[in-house]
Amino acid sequence: MSTILSVRDLSVTFDVRRPGSWPWTPPNKLHAVSQMSFDLQAGQCLGVVGESGSGKSTLARAIVGTVPSAGGVIDFEGHDLAAMSPAQRRVHRRDVQMIFQDPLAALNPRMTVGEIIAEPLVTHEPGTSRTERKKRVQELMERVGLLPNLINRYPHEFSGGQCQRIGIARALIMKPKLLICDEPVSALDVSVQAQVVNLLMELQRDMGLSMIFIAHDLSVVKHISDQIIVMYLGRQMEMADAVTLTTRPEHPYSQALISSVPIPDPALEKARERPILEGELPSPLAPPSGCVFRTRCPKAQASCAGDLPVFKDLGQGHFVACPFHAAQDVLAVTA
């Protein structure tokens, strides 16, 4: 199986000025993503989980190119996207598409559904006739579960789930190789979430898509992903295949995330022990020294405030950034 995306030491920083500071005062550096490294195999799905503020969406936007990277390599099919100018990235933009978190806010309210879905065609294939564009749009609308005769309606006339289907259709109209889903179901009802996730799985299988799926819900991520990365304050805490990470997590943060997922069995739910995270997520403007998770970690020791923990390979594609990792019996996340 070939590697379609290889990310090495990717970092993203933002300059943040304090309110009332002088114009000549150097801005503070906000490290949104720090030294991320992973590979995505063609046709597979990589899940990314973590609390709000952990850098998941920034990672996605750096890969797409909507935010610049401060360092590292984004190798997409042998081309380093991070080293390209916006004009050079335009050639590859049709192959890397994104689905956004808020389905309604991601759609132009002044454009019809047909115009929204066809917009990438107008940009990347301007020579396509209007008749051909309409045909392709209606075929894709039907494929994502929308009636083709709704092509002339506006986004406000659709439900949240239908708007997300419109966003999916727009992302797939160019038949991309890589689809990045930035929390595509977090704004939807639970019943609609399942429908959208199942639709994405069907489309991935039928179109041979590679995907990066970002979400808070580990049960959803396990259901759709082949491999999972756990992020905290812009850094990788753990990475493994979906079954290993959700049944045998090594990092204390991964264990806490998994234990927060309820089990649909009252007896098991009542009997199990739950590690509870204390405190709040630190500010990325002033991250803790050493291990960024140490201020909330139940296993933290004085040495954790020193050097950054090494992202250790435990074998079989299982990596963990904790010197005091230890396998614990954690109940599996139910699908």
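**Entry 1: Glu183**

I began at Glu183, which touches Lys56, Ser57, Gln101, Ile214, Ala215 and His216, leaving aside residues up to four places away in sequence. By touching I mean contact, that is, heavy atoms within 4.5 Å. A note on what I am looking at: this is a predicted model, where local features need pLDDT of at least 70 and side-chain atom pairs count only at pLDDT 80 or more, while totals for chains, interfaces and linings use all residues. Residues are numbered from 1 along each chain as its sequence is written, and side-chain values use heavy atoms, with hydrogens and water left out.

Where does Glu183 sit? I found Glu183 in the loop between strand E7 (178-182) and H6. My helices (H or I, at least four residues) and strands (E, at least two) are DSSP runs, numbered from the N terminus. Is Glu183 buried or exposed? Glu183 has 7% relative accessibility, so I put it down as buried. For that label I use under 20% relative accessible area, with exposed over 50% and partly exposed in between (1.4 Å probe, protein chains only).

**Entry 2**

Next I turned to helix pairs. Two packed helices are described by the angle between their axes and the distance between the axes. My axes are lines fitted to C-alpha atoms, for helices over the stretch in contact, and my angles run from 0 to 180 degrees between N-to-C directions.

Helix H3 (residues 113-124) packs on helix H5 (residues 160-172) at about 30°, and their axes are 7 Å apart. I therefore call H3 and H5 roughly parallel to each other. My angle classes are roughly parallel under 35 degrees, roughly antiparallel over 145, roughly perpendicular from 65 to 115, and oblique for the rest. H3 and H5 cross in a right-handed way. Right-handed here has the near helix turned clockwise from the far one by less than a right angle, and left-handed has it turned anticlockwise.

Which residues make the contact? From H3 I listed Val113, Ile116, Ile117 and Pro120, and from H5 Ile166, Ala169 and Arg170. By class, that contact of H3 with H5 has six nonpolar, no polar and one charged residues. I count Ala, Val, Leu, Ile, Met, Phe, Trp, Tyr, Cys and Pro as nonpolar, Asp, Glu, Lys and Arg as charged, and the others, Gly among them, as polar.

**Entry 3: H5 against H6**

H5 also packs with helix H6 (residues 190-207), at an angle of about 15° and with the axes 10 Å apart. H5 and H6 are therefore roughly parallel to each other. I noted a right-handed crossing for H5 and H6. On the H5 side I found Gly161, Gln164, Arg165, Ile168 and Leu172, meeting Val192, Gln195, Val196, Leu199, Leu200, Leu203 and Met207 of H6. I sorted the residues of this contact of H5 with H6 into eight nonpolar, three polar and one charged.

While in H6 I checked Asn198, which is found in that helix. Asn198 counts as partly exposed, at 37% relative accessibility.

**Entry 4: H3 against H4**

H3 has another partner to record, helix H4 (residues 130-143): the axes come within 10 Å and cross at roughly 115°. The crossing of H3 and H4 is right-handed. Val113, Gly114, Ile117, Ala118, Leu121 and Val122 of H3 meet Arg133, Arg136, Val137 and Met141 of H4. That contact of H3 with H4 divides into seven nonpolar, one polar and two charged residues.

**Entry 5: cysteines**

How many disulfides are there in the whole structure? My search finds zero, taking a disulfide as a pair of cysteine sulfur atoms within 2.5 Å. For Cys304, the closest cysteine sulfur is in Cys291, 5.9 Å away and too far for a bond. Cys304 is buried, at 11% relative accessibility. For Cys322, the closest cysteine sulfur is in Cys297, at 5.7 Å, again too far for a bond. Cys322 is buried too, at 9% relative accessibility.

**Entry 6: positive phi**

Last, I looked at backbone angles. Asp9 has a positive phi near 50° and is not a glycine. Asp9 lies in strand E1 (residues 3-16) and is partly exposed at 47% relative accessibility. Gln35, also not a glycine, has a positive phi of about 50°. I located Gln35 in strand E2 (residues 28-41), partly exposed at 46% relative accessibility.
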